[in-house]
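Here is a guided walk through one chain, from its overall contacts down to single residues. The sequence and the structure come first.

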Amino acid sequence: MFAEGVFCAEHLLTFPAQKTKGKLEAFGRCVYCGRQKDEHGQPLRLTSEHIIPEFLGAGLELPDASCPTCQKITATFESSIAQDIFDPVRKSFSLVGKDGVLKKTNFPLDIGRETSAHEFIPLIHYPTILVLPMLYPAASYSRRPRDADDPFNFRMFNINADPKALQKYAIDQFSSQAIDMVRFAQMIAKIAHVYAMHHLGYGTFKPLVADFVRTDFPPGIRCKSHFEHVGCLWQAKDAKSPNLHEIEIGKIDWNGQSLNAVRVRLFASCDMPSYYVTVG
Ligand SMILES: [Zn+2]
């Protein structure tokens with residue numbers, strides 16, 4: 001165990017299993033860079049931001065909240081994360097995204113031993129396992145160990161891993177897809193930041209993760225600061241939950257400081273971990 005801060009919850013937002021559409025009050029400027037106008041003084045074309053990415057079956061939007069430059073960057077990491085770790089899960093749960101339920105029917109499975117070897121398996125036989133990382137507590141609210149830039153371990157939930165189906169393809173072992181940790185941390189930080197901007201209001205706090213979220217990191221790159229503000233609290237226990245996803249805003253007290261923080265728990269009903277983000 002490491003010394004870590006304490007989260008004091010203030011307001012919980014839940015996302016039930018079925019997608020419900022909802023619109024929050026228009027934000028009126030980019031939540032990431034703060035701009036309302038472009039370099040020529042013309043009003044920016046602002047687009048809607050989903051609080052939780054739409055591909056995860058969540059329909060709550062913050063209108064007029066992202067400029068074209070920031071939108072391009074966040075869309076890039078979100079679509080790569082969607083493909084890398086969530087596609088078979090989305091399909092298994094029939095999550096409704098922008099274009100309805102995913103149309104793809106075959107998914108790659110790594111059945112290699114020493115090197116990766118992908119085989120495409122139809123969903124009905126695909127051993128769908130939801131895998132999310134357990135993280136060390138973030139640097140901004142703990143005395144986390146040095147060189148802890150990788151996840152601590154992974155939490156898994158078996159949706160459809162049937163040994164008989166695997167036998168049919170003569171598969172006796174497989175591994176899940178690798179998770180790009182920087183992009184994963186960006187996705188969690190984005191959810192926390194956008195919700196905090198809406199809930200607390202622009203200008204009420206000094207944003208800590210906006211620049212991280214709007215940085216265009218190449219895939220697979222190592223970044224020094226991705227766990228600066230994103231992590232798990234090891235002493236905070238997650239209760240059983242009927243909700244698909246949860247977001248909870250509050251404060252983390254650590255080292256005599258009290259920072260605005262957001263707890264993000266994706267797939268809460270599958271007993272996945274909560275991530276805690278210090279937003280400002
Ligand atoms: Zn922007």
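Among contacts between residues at least 6 apart in sequence, 70% join residues at least 24 apart. The model is a predicted one. Of the 280 residues of the chain, 38% count as buried.

The secondary structure comes to four helices and 14 strands. The chain has a radius of gyration of 19 Å, close to the 19 Å given by the globule rule for 280 residues, so it is as compact as a globular protein of that length. The C-alpha trace spans about 60 × 45 × 35 Å along its principal axes.

Five of the strands form an open sheet, in the order β1-β12-β13-β14-β11, with antiparallel pairing. At the edges stand β1 (6–15) and β11 (230–231); each has a single partner strand, so one side of each is left without a neighbour in the sheet. The partner strands β1 and β12 (residues 245–254) run antiparallel and are joined by nine bridges. In this pair, A9 stands opposite G250 in β12. Helix α3 (residues 181–200) packs on the sheet and touches β1, β11, β12, β13 (257–266) and β14 (275–278). The direction of α3 makes about 120 degrees with that of β13.

Another helix, α1 (residues 68–92), has a kink of about 75 degrees at F86, shortly before the proline P88. Both F86 and P88 are among the buried residues of α1, which also include C70, T74 and F77. The buried residues of α1 pack against β4 (59–66), β7 (106–110), β9 (128–134), β10 (153–160), α3 and α4 (210–213). Just after α1, S94 takes a positive phi of about 50 degrees.

Definitions and conventions: Residues are numbered from 1 along each chain as its sequence is written. This is a predicted model: local features need pLDDT of at least 70, side-chain atom pairs count only at pLDDT 80 or more; totals for chains, interfaces and linings use all residues. Two strands pair if DSSP finds at least two bridges between them. Helices (H or I, at least four residues) and strands (E, at least two) are DSSP runs, numbered from the N terminus. Two residues are in contact if their C-beta atoms, placed from the backbone, lie within 7 Å. Axes are lines fitted to C-alpha atoms, for helices over the stretch in contact, and angles run from 0 to 180 degrees between N-to-C directions. The bend at a residue is the angle between axes fitted to the seven residues ending there and the seven starting there. A residue is buried if 20 or more other C-beta atoms lie within 10 Å of its own, exposed if 12 or fewer, and partly exposed in between; C-beta atoms are placed from the backbone. The radius of gyration is taken over C-alpha atoms; the globule rule is 2.2 Å times the number of residues to the power 0.38.
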